[in-house]
Amino acid sequence: MRLARLGRFSKALRELGHAVRLRQFELYVSFGLAFLVLLTSSIMLYLLEGGVQPEAFGSVLRSMWWSVATLTTVGYGDVYPVTGLGRFFAALTALSGIGIIAMPTGIMAAAFSEAMQKNRREKDD
C-alpha cells in the first residue's frame with residue numbers, strides 16, 4: 001500500500017532528475033567553487049592557527065574538518081580559532097558558507113520550477 005503512494009511522487013522525481021541534467025554545468029561550477037573555498041579556508045586556517053593550536057589545526061587535513069563544519073553552517077564548536085586574524089578569517093569563511101549552500105539550492109529551485117511550468121504548459125496545450 002505504501003508503494004502505491006510513491007507513484008504520486010514518481011513524476012516529480014523524474015522532473016527533478018531532468019532539472020539536474022539541465023543544470024548540470026552550473027552545479028559542477030558551484031561544487032567546484034565550494035571545493036576551492038574549502039581548500040583555501042583549510043590552508044589559511046592551517047597557516048593562521050596551526051602554530052597556536054596544533055592539535056586542532058596542525059595540518060591542512062585537520063583544518064579541513066573545521067572548514068567543512070563551518071562552510072556547511074553546522075558549526076559543531078569542537079574546534080575554533082583563537083587568534084584575532086584566525087577569527088576574522090573564520091567569519092569570512094562562515095559568510096562564504098551561506099552563499100555556497102545557497103548557490104546550488106537556487107539553481108535547483110529555478111530548474112525545478114522551470115520544469116514544472118513547462119509541464120503545465122504542455123498539459124494546457
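Does S41 count as buried or exposed, and at what relative accessibility? In this predicted model, S41 counts as buried because its relative accessibility is 2%, and buried means under 20%.

Let me place that residue. S41 lies in helix 2, which covers residues 24–49. The 26 residues of helix 2 should span 38 Å at 1.5 Å a residue, and the end C-alpha atoms are 37 Å apart, so the two values agree. Besides S41, the buried residues of helix 2 include L27, S30, A34, L38, S42, L45 and E49.

I turn now to the surroundings of S41. Its side chain forms a polar contact with the side chain of S67, at 2.9 Å. Setting aside neighbours within four places in sequence, S41 touches W66, S67, F89 and T93.

Helix 5 itself runs over residues 84–124. Its 41 residues reach 60 Å from the first C-alpha to the last, close to the 60 Å expected at 1.5 Å a residue.

Finally, I consider helix 4, residues 60–71, against helix 5. Their axes come within 8 Å and cross at roughly 55°; the two helices are therefore oblique to each other. Helix 4 contributes W66, T70 and L71 to this contact, while helix 5 contributes A90, T93, A94, S96, G97, I100 and I101.

Notes
Residues numbered from 1 in each chain as written. Predicted model: local features only at pLDDT ≥ 70, side-chain atom pairs only at ≥ 80, totals over all residues. Heavy atoms only, no water. Helix = DSSP H or I, 4+ residues; strand = E, 2+ residues; numbered from the N terminus. Expected span 1.5 Å × (residues − 1). Buried < 20%, exposed > 50% of the residue type's maximum accessible area, 1.4 Å probe, protein only. Polar contact = N/O pair within 3.5 Å; in protein donor to acceptor, adjacent residues only side chain to side chain. Contact = heavy atoms within 4.5 Å. Axes fitted to C-alpha atoms, helices over the stretch in contact; angles between N-to-C directions. Parallel < 35°, antiparallel > 145°, perpendicular 65-115°, else oblique.
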